[in-house]
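Please inspect the sequence and the coordinates shown below before reading on.

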Amino acid sequence: MAEPNRRSAAVPNDLEAFWVPFTPNRAFKRAPRLIARAKDMHYYTPEGRAVLDGTAGLWCTNAGHNRAPIVDAIKRQAEELDYAPAFQFAHPKSFELASRIAALAPADLDRVFFCNSGSEAVDTALKIALAYHNVRGQASRTRLIGRERGYHGVGFGGISVGGIVANRKHFGTLLAGVDHLPATYNREHQAFTKGEPEWGAHLADDLERLVALHDASTIAAVIVEPMAGSTGVLPPPKGYLDRLRAICDRQGILLIFDEVITGFGRLGHAFAAERYGVTPDMITFAKGITSGAVPMGGVIAREGIYDAFMRGPEHVAELFHGYTYSAHPLACAAGLATLDLYRDEKLFERAKKLEPLWADAAMALKSVPGVLDIRTVGLTAGIDLASRPDAFGKRAYEAMERGFHDEGVMIRITGETLALTPPLIVSEAQIGEIFDKVGGVIKAVM
């Protein structure tokens with residue numbers, strides 16, 4: 001039998017081997033969008049052409065690209081300690097970073113469990129919720145409640161509680177015992193809203209229906225994004241999160257905020273929980289903790305949740321969960337340097353100050369033909385485009401392509417929505433540049 005055809009050696013710039021995630025691979029490899037380096041607010045192509053980053057990478061480079069303090073911290077850490085096991089051992093920076101994160105989080109959210117991504121953070125939070133009820137003698141609380149149009153990463157737990165159909169439909173029955181709240185968006189009542197829409201707080205009351213259907217004694221946790229980001233930028237209606245908190249309190253249900261996108265300044269505060277004055281039982285984080293420089297994620301839990309596990313023999317692990325690279329030394333070094341940048345440059349406060357200017361610049365595109373809605377909150381904007389009758393999503397895809405190749409701006413897309421989420425170091429002039437370029441792109445694809 002002949003040997004299968006194998007490549008004898010790696011071929012530089014051969015695009016075939018890499019299966020690009022969340023990407024139409026055939027279209028991409030015909031006209032690739034390649035990035036060779038980055039600095040501050042810009043990416044640069046292999047040819048040296050600058051591309052203004054309107055998306056903070058994937059919602060993550062909040063402090064900008066290749067910031068010297070973060071780069072230097074990673075270099076020093078690599079020279080000193082490349083890796084330390086997180087099971088039964090630890091290194092000093094993991095405790096230092098956990099303390100810094102706990103200090104930023106609201107109320108008694110002060111126990112930090114590290115992982116490596118938002119997806120892992122969500123699965124970790126869901127497992128903690130299930131185990132928490134179990135160790136307290138309420139093992140019947142196994143049901144998890146997510147929300148339609150929610151995005152919670154790509155682990156089986158995350159796509160089970162998530163509500164984006166394309167992320168779910170090919171992967172079987174997923175986790176059992178999961179239900180969903182309705183999405184919070186209604187264009188008829190909320191179109192062209194700056195910040196939190198007035199309409200929609202009552203949608204939280206659907207949790208009472210799910211309690212009546214399943215009984216509270218079977219429900220472990222509710223998980224929501226304070227602002228639903230990946231589905232197209234959906235800010236929470238005024239009062240919505242307060243209502244969820246109140247129902248969860250009455251029914252003994254844990255409330256989890258997925259702040260993988262909203263954490264670390266995106267909405268003008270360290271966490272969206274602070275902006276909305278609602279304290280969840282757990283917060284998931286990732287992305288902005290290292291400004292995207294090294295993968296890291298985690299869960300911040302309230303003290304009472306942690307204490308519930310601190311029982312039994314002291315030589316036995318209280319929670320049988322973790323990852324090889326939890327609290328990786330390079331990630332911790334990057335995280336500490338990133339938090340220093342946020343503090344020293346007052347980037348959270350800067351985002352809050354720029355929010356009105358950002359919102360006005362976005363809403364200036366309201367009259368552009370084909371724009372159906374614009375939503376803004378913090379330094380985030382979602383722009384809905386009219387779809388072509390025979391090709392949903394094609395117009396937004398062409399806008400992304402044209403933005404990169406012709407206008408020199410990076411745009412994030414989901415369906416027919418353009419999402420804009422720049423690094424928090426964006427200048428007023430660059431805000432104008434982003435929306436000028438996006439406006440030109442929209443006109444060109446209509």
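Predicted model: local features only at pLDDT ≥ 70, side-chain atom pairs only at ≥ 80, totals over all residues.

## Helix α14

Helix α14 comprises 14 residues, 394–407.

Several positions of α14 are buried: R395, A396, Y397, A399, M400, G403 and F404.

## Overall fold

The protein chain contains 15 helices and 16 strands. Its radius of gyration is 22 Å, close to the 22 Å that the globule rule gives for 446 residues, so the chain is as compact as a globular protein of that length. Along the principal axes, the C-alpha atoms fill a box of roughly 65 × 60 × 55 Å.

Of the 446 residues in the protein chain, 53% are buried. Among contacts with a separation of 6 or more, 72% are made by residues 24 or more positions apart.

In soluble globular proteins, nonpolar side chains tend to be buried together. The largest nonpolar core in this model has 96 residues, and the members touching the most others are I383, L418 and F435. Helix α12 (residues 329–344) provides the largest share of this core, with 9 residues. A further core of 22 residues lies apart from it and includes A121, V122, V161 and L254.

What surrounds I383, leaving aside its neighbours within four places in sequence? I383 is in contact with L365, V371, D373, I374, E416, T417, L418, L420, F435, V438 and I442. Two of these partners, L418 and F435, are named together with I383 as the core members that touch the most others.

## Cysteines

How many disulfides does the model contain? The count is 0. For C60, the nearest cysteine sulfur is that of C115, 15 Å away, whereas a disulfide requires sulfur atoms within 2.5 Å. C60 counts as buried, at 14% relative accessibility.

C115 is likewise in no disulfide, and the nearest cysteine sulfur to it, that of C332, is 12 Å away. With a relative accessible area of 1%, C115 is buried.

Methods. Residues numbered from 1 in each chain as written. Heavy atoms only, no water. Core = buried A, V, L, I, M, F, W, Y, C linked by side-chain atoms within 4.5 Å. Buried < 20%, exposed > 50% of the residue type's maximum accessible area, 1.4 Å probe, protein only. Helix = DSSP H or I, 4+ residues; strand = E, 2+ residues; numbered from the N terminus. Contact = heavy atoms within 4.5 Å. Expected span 1.5 Å × (residues − 1). Rg over C-alpha atoms; globule rule 2.2 N^0.38 Å.
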